[in-house]
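Please open the structure in a viewer and follow the selections below in order.

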Amino acid sequence: MRVLSGIQPTGRFHWGNYFGAIRQYIQLQTEDAAFYFIANLHALTTVRDPQVLRQNTQEAAIDLLALGLDPDHAVLFAQSDVPEVCELTWLLMTGTPLGLLERCHAYKDKKARGLPADAGLFTYPVLMAADILAYDSDTVPVGEDQGQHIEVCRDIAASFNHHFGEVFVMPRAKILHTAAKVPGTDGEKMSKSYHNTLEVFEDPRAQRKKIMRIKTDSRPVDQPKDPDTDHLYQLFSLVGTDQQKEELAESYRRGGFGYGDVKKLLADAAEAYFQPSRQRREQLAAEPDRIHQILGDGAATARKKAAEVLRRAQQACGIR
Ligand code: ADP
Ligand code: TRP
């Protein structure tokens, strides 16, 4: 069984990325033959500064390793290091109806806002289908927002298989429903585009300041409150220990506590939670050759598989 997923290097990872996706990828690495890649070709649809893209790709690799992605269990590589995927994209593109892509949300949303879209954004789901099909992946863990793209991949694979014979393994999405979306510092969904993020590897002092500025409501201190509907508590529940969570939930229900105290607890818990990863990150960042080696080894393994699948697809459609 092959688990595969990709993550775009469009900036530093925030708590939404970690608790909503990366943490589950890392948990899955011990169960199955896992392939994880840094989707730098997809990121090129938004990141147009070469220095930034190069740096983000390297940082994303270091972040994932520091957070526990273990190259002894999972294959980690950069998307662009497997050129077979781009060749496969073309084979898939020839059979992809325009209507299928016109319905995809990244393109549709941009068009609806009257913004110019390029062919890269329009064909983004076909590249994503090639990413998945190139490795005979059967399980693709993704956030809910990517579910539509997996459906498109299945449609493309089914139509190719129907026309040319059974070439591709049919993948299944494993949608990662985070119980509640990770809220940002304004209580809305945490997202880079809303500028409300807490980053995983932010300097703890800077993060503490951000946490102290989190918006809260103006209910009086002595009023009992429901912890589950409060975004400060939701954030705390991601990083606190079970005992801390129970104690804090109890104080919410009793009333008589100030949000300032909760913020301090949250900042302390966040610092403690990410401390081991932060330490690992410092070591990894000091060893660029090791990162290079891990990505190189990962790409070699991935290319071997992708070349095999590409050959199968080429033979089926009369290219070889
Ligand atoms: P952003 O909204 O900051 O641009 P991305 O779209 O790059 O984030 O997120 C990549 C993945 O991280 C998503 O597919 C989703 O699985 C996860 N994710 C992002 N934000 C959140 C959030 N607030 N809550 C839960 N998961 C999230
Ligand atoms: N489009 C995905 C995202 O923005 C990243 C991605 C690219 C991906 N190719 C993939 C995810 C293949 C899963 C499988 O999050």
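The tour visits the surroundings of the two ligands in turn. The model is predicted.

**Ligand 1**

Select ligand 1 together with its shell of 14 residues, in which H14, D145, M190, S191 and K192 are the closest. By class, this shell comprises three nonpolar, seven polar and four charged residues.

Next, display the polar contacts. The backbone of M190 places a polar atom 2.9 Å from a nitrogen atom of ligand 1. An oxygen atom of ligand 1 has a polar side-chain atom of N17 at 3.1 Å, and a backbone N or O atom of G143 lies 3.5 Å from an oxygen atom of the ligand. The protein buries 83% of the 540 Å² that ligand 1 exposes when taken alone.

**Ligand 2**

Now select ligand 2, which is also surrounded by 14 residues; the closest are Q8, H42, Y124, D131 and Q146. Eight nonpolar, five polar and one charged residues form this shell.

Colour by secondary structure. At least two shell residues come from each of β1 (2–7), α7 (119–133) and β4 (139–142), and α7 contributes the most, with four.

Then inspect the side chains around the nitrogen atoms of ligand 2. Y124 has a side-chain N or O atom 2.7 Å from a nitrogen atom of the ligand; for D131 the corresponding distance to a ligand nitrogen is 2.8 Å, and for a polar side-chain atom of Q146 it is 3.2 Å. Taken alone, ligand 2 exposes 370 Å², of which the protein buries 90%. Return finally to the pocket display, where ligand 2 is found in the largest pocket.

Note on methods:
Residues numbered from 1 in each chain as written. Chains lettered and ligands numbered in written order. Predicted model: local features only at pLDDT ≥ 70, side-chain atom pairs only at ≥ 80, totals over all residues. Heavy atoms only, no water. Near = heavy atom within 4 Å. Polar contact = N/O pair within 3.5 Å; in protein donor to acceptor, adjacent residues only side chain to side chain. Areas by Shrake-Rupley, 256 points an atom, 1.4 Å probe, with all protein chains shown as cover. Nonpolar A, V, L, I, M, F, W, Y, C, P; charged D, E, K, R; others polar. 1 Å grid on protein atoms, 1.4 Å probe; cavity = no way out; pocket = protein on both sides within 12 Å on 5 of 7 lines; lining within 4 Å. Sits in = over half its atoms within 2 Å of the grid points.
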